[in-house]
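Me: I have a chain open here and would like to talk through how it is put together. Can you help me read it?

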Amino acid sequence: RGRPEEAEGCFRTLVRRAVSTSEGSVFHAMALYNLARALNFNKKPEEALAILQTAENLRGEHGDILFQKALALRGLGDLEGAQAQYEAALALDPGFEDALNNLGNLVFTRGDPARAISLWGRLLDLNPGRATSFLPIVDRKAPFAARVTEEFRLRVLRLSGTKTGV
């Protein structure tokens, strides 16, 4: 996290080396995936998307690749495409916590708070420790707090150990 451009360079080197190794396409796909992660982090979604397609061609559909494709599509402003990739990742791995969270965030901002709360509820079922990340959403002073159900708000407050007066 400290030097993302350097990480991108290291992954580019790894991709070049992976092509010439005897480990074959799985190692190459992993190298491509990690390069795409760095590219997404460095706000280069177009290149990340192209690399992820190559990784997917080598490795097949995997939740981690689909998740990174969703991030790249979101970075390009394609919210519908991002949503489809998050959903595909969750179809492969219903317990993919970051996909549950990000899809919830996306559908919330796209005007479907009921679905978002359902997704976030599944996330909290899997990992109650993530409740603190929802505190800004359930704060009654937040501009979108009215779109959150009282039941979800109280669950987040209970799981996070926060007083209910927030």
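Predicted model: local features only at pLDDT ≥ 70, side-chain atom pairs only at ≥ 80, totals over all residues.

Me: What does the secondary structure come to?
Reply: The protein chain has nine helices and zero strands, so that, read along the sequence, its pattern is α-α-α-α-α-α-α-α-α, following the DSSP assignment of helices.

Me: And what box do the C-alpha atoms fill, and what share of the residues is buried?
Reply: Taken along the principal axes, the box filled by the C-alpha atoms is roughly 60 × 30 × 25 Å, and of the 166 residues in the protein chain, 40% count as buried.

Me: Let's go to α2. How does the span of that helix compare with what 1.5 Å a residue should give?
Reply: Helix α2 covers residues 25–41, and its 17 residues should span 24 Å at 1.5 Å a residue, which agrees with the 24 Å that separates its end C-alpha atoms.

Me: Which of its residues are buried, and what follows the helix?
Reply: The buried residues in α2 are H28, A29, A31, L32, Y33, L35, A36, A38, L39 and N40. After α2 comes K43, which has a positive phi, near 60 degrees.

Me: How do α2 and α4 run relative to each other?
Reply: The axes of α2 and of helix α4, residues 63–75, come within 10 Å and cross at roughly 25 degrees. Since angles under 35 degrees count as roughly parallel, α2 is roughly parallel to α4. The crossing of α2 and α4 is left-handed.

Me: Who makes the contact there?
Reply: On the α2 side the contact is made by Y33, A36, R37 and N40, and on the α4 side by D64, I65, Q68, L71 and A72. By class, the contact of α2 with α4 has five nonpolar, two polar and two charged residues.

Me: Is E8 buried or exposed?
Reply: E8 counts as buried, because its relative accessibility is 6%, and the cut-off for buried is under 20%. Leaving aside its neighbours within four places in sequence, E8 is in contact with L35, A38, L39, N42 and K44; L35, A38 and L39 are also among the buried residues of α2.

Me: Changing topic, how do α6 and α7 pack?
Reply: Helix α6, residues 97–109, and helix α7, residues 113–126, pack at an angle of about 160 degrees, with their axes 8 Å apart. The two helices are therefore roughly antiparallel to each other, and the crossing of α6 and α7 is left-handed.

Me: Which residues meet there?
Reply: From α6 they are E97, L100, N101, L103, G104, N105, V107 and F108, which meet P113, R115, A116, L119, W120, R122, L123 and L126 in α7. The residues of this contact divide into 10 nonpolar, three polar and three charged.

Me: Last one: where does Q85 lie, and what is it in contact with?
Reply: Q85 lies in helix α5, residues 79–92, and at 16% relative accessibility Q85 counts as buried. Leaving aside its neighbours within four places in sequence, Q85 is in contact with L66, K69, A70 and L73.

Key: Residues numbered from 1 in each chain as written. Heavy atoms only, no water. Helix = DSSP H or I, 4+ residues; strand = E, 2+ residues; numbered from the N terminus. Expected span 1.5 Å × (residues − 1). Buried < 20%, exposed > 50% of the residue type's maximum accessible area, 1.4 Å probe, protein only. Contact = heavy atoms within 4.5 Å. Axes fitted to C-alpha atoms, helices over the stretch in contact; angles between N-to-C directions. Parallel < 35°, antiparallel > 145°, perpendicular 65-115°, else oblique. Left-handed = near helix turned anticlockwise from the far one by under 90°. Nonpolar A, V, L, I, M, F, W, Y, C, P; charged D, E, K, R; others polar.
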